[in-house]
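Reader: I am new to this structure. Please take me through it, and tell me what stands behind each label.

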Amino acid sequence: MNITEIIPDSVFRFGRNLKNHKMLAAAKKANAAAQRDFLKQPEESGLYEGHRPNRIIVSFTTYPARIDSAYLVADCMLKQTVKPDKLVLYLAESQFPGKHLPDEYEPLRKRGLEIRWCGEDLLAHKKYFYAMQDFPDDIVVTVDDDVIYPHTLIENLYKSYKLQPNAVHATRGHRITIENQHILPYNQWEKDIVDNRPVAGYQYLATGVGGVLYPPHLLPKETFDTKNIRDLAIKADDLWLKVMEIKNGIPTVLTQESFPCYEIAGSQKTALVYDNVGRGLNSKILGELLKRYNLEEKLIKLIHN
């Protein structure tokens, strides 16, 4: 047994907090500022009222442990310099008896937030799974429920999309590392690429925490195979989507601008990162996905070419 499999979650959390001490301090300040400004609704706060060739749908999901703070994400999305046409929060009915939500969500609904209830809980997959099927002809931007986003997030992603409309666009990503014709373990990849951007290629993994833009009709129908999602990658939506992108030969673009990832204070107590990264599950999951879809050789060729 690998030692990482028996280390308590508290140890992983302590190590993460120690490593990111300065960023977490900044995150707490950003979180406090966002909470103070929540009730300040500038005139430009809301949804886009014009016309675009493809609408921009911003989609996210959350669960009971984060519902008391995820409203800050919606507030960020309604104050963007490039506004979304729709802002949709997907929630699992089974997790919210009576569909009761904190009071902070009511003013957000009046400003444009739409809440859609899902019969099946697919964890983090809900943020893209339902939106891409509800709005198949539109651009879908996914965001996480535990990050304070800059007001230029959508603008940054949309500018990148207009330059390369047949790619996935992300503000944050990792570089898949290959050595001797083999993909190295996830923990050995180059993380959070910041230099020489923008960059595009098949070697980049878009990470949902930074916000990701998906053009319409880009991913294969297998993306919505709930059985394989549950069997292979229920806790690894980023890796699942990457494999679906490889299947269709879709590159990833890391946008011109990146930004610090300011996590909402206290939101990481139940984060999947402790298992997926700390315990090395990402490498195992990716290996199983590439094997199931027979895509490892294709990915290596795409990266080398």
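**Labels and what backs them**

Author: Start with helix H6, residues 153–163. Its buried residues are Leu153, Ile154, Asn156, Leu157, Tyr158, Ser160 and Tyr161. Keep in mind that this is a predicted model.

Reader: What do the buried residues of H6 pack against?

Author: They pack against strand S1 (56–61), helix H3 (71–77) and S4. Strand S6 (168–170), strand S12 (212–214) and strand S13 (252–254) complete the list.

Reader: How many helices and strands does the protein have?

Author: There are 11 helices and 14 strands. Of the 305 residues, 52% are buried. Among contacts with a separation of 6 or more, 84% join residues 24 or more positions apart.

Reader: S4 was on your list. Why is threonine 142 called buried?

Author: Threonine 142 sits in strand S4, residues 139–142. Buried means under 20% relative accessible area. Threonine 142 has 2%, so it counts as buried.

Reader: Which residues does threonine 142 touch?

Author: Setting aside residues up to four places away in sequence, it touches Ser59, Lys127, Tyr128, Gly208, Gly211, Val212 and Tyr214.

Reader: What makes leucine 122 buried?

Author: Its relative accessible area is 0%, and the cut-off is under 20%, so leucine 122 is buried. Leucine 122 is found in the loop between strand S3 (113–118) and helix H5 (126–134).

Reader: What does leucine 122 touch, not counting residues up to four places away in sequence?

Author: Phe129, Tyr130, Thr226, Arg230 and Ile234. There is also a distance to note. Alanine 92 is 30 residues from leucine 122 along the chain, and their C-alpha atoms are separated by 8.3 Å.

Reader: Why is proline 107 called partly exposed?

Author: The class lies between two cut-offs: buried is under 20%, exposed is over 50%. Proline 107 has a relative accessible area of 24%, so it falls in between. Proline 107 belongs to helix H4, residues 105–111.

Reader: Which residues is proline 107 in contact with, leaving aside neighbours within four places in sequence?

Author: Phe38 and Gln41. Proline 107 and glutamine 41 are 66 residues apart in sequence, and their C-alpha atoms are 10.0 Å apart in space. Contact is judged on heavy atoms within 4.5 Å.

Reader: Now helix H10. How do you know that its span agrees with its number of residues?

Author: H10 has 12 residues, 281–292. The expected span is 1.5 Å times one less than the number of residues. That gives 16 Å, and the end C-alpha atoms are 16 Å apart, so the two agree.

Reader: Which residues of H10 are buried?

Author: Asn282, Ile285, Leu286, Leu289 and Leu290. They cover an arc of only 130° around the axis, so they lie on the same side of H10. Lys284 and Lys291 are exposed on the other side of H10.

Reader: What comes just after H10?

Author: Asparagine 294, with a positive phi of about 55°.

Reader: Are asparagine 196 and histidine 217 buried or exposed?

Author: Exposed means over 50%. Asparagine 196 has 69% relative accessibility, so it is exposed. Histidine 217 has 61%, so it is exposed as well. Asparagine 196 lies in the loop between S9 and S10. Histidine 217 lies in the loop between S12 and helix H7 (226–232).

Reader: Why is the peptide bond from arginine 197 to proline 198 called cis?

Author: Its omega is near 5°, and the bond is cis. Most peptide bonds are trans. Proline 198 is in the loop between strand S9 (182–183) and strand S10 (199–201).

Reader: Last topic. Which residues line the largest cavity?

Author: Thr171, Arg172, Gly210, Phe259, Pro260 and Cys261. The lining has three nonpolar, two polar and one charged residues. The cavity has a volume of about 30 Å³.

Conventions. Residues are numbered from 1 along each chain as its sequence is written. This is a predicted model: local features need pLDDT of at least 70, side-chain atom pairs count only at pLDDT 80 or more; totals for chains, interfaces and linings use all residues. Side-chain values use heavy atoms; hydrogens and water are left out. Helices (H or I, at least four residues) and strands (E, at least two) are DSSP runs, numbered from the N terminus. Buried means under 20% relative accessible area, exposed over 50%, partly exposed in between (1.4 Å probe, protein chains only). The arc is that of the directions from the helix axis to the C-beta atoms. On a 1 Å grid over the protein atoms alone, a cavity is a set of points where a 1.4 Å probe fits but cannot get out, and a pocket is an open set with protein on both sides within 12 Å along at least five of seven lines; lining residues have an atom within 4 Å of a point. Grid points are joined across faces, edges and corners, and a volume is the space filled by probe spheres set on the points. Ala, Val, Leu, Ile, Met, Phe, Trp, Tyr, Cys and Pro count as nonpolar, Asp, Glu, Lys and Arg as charged, and the others, Gly among them, as polar.
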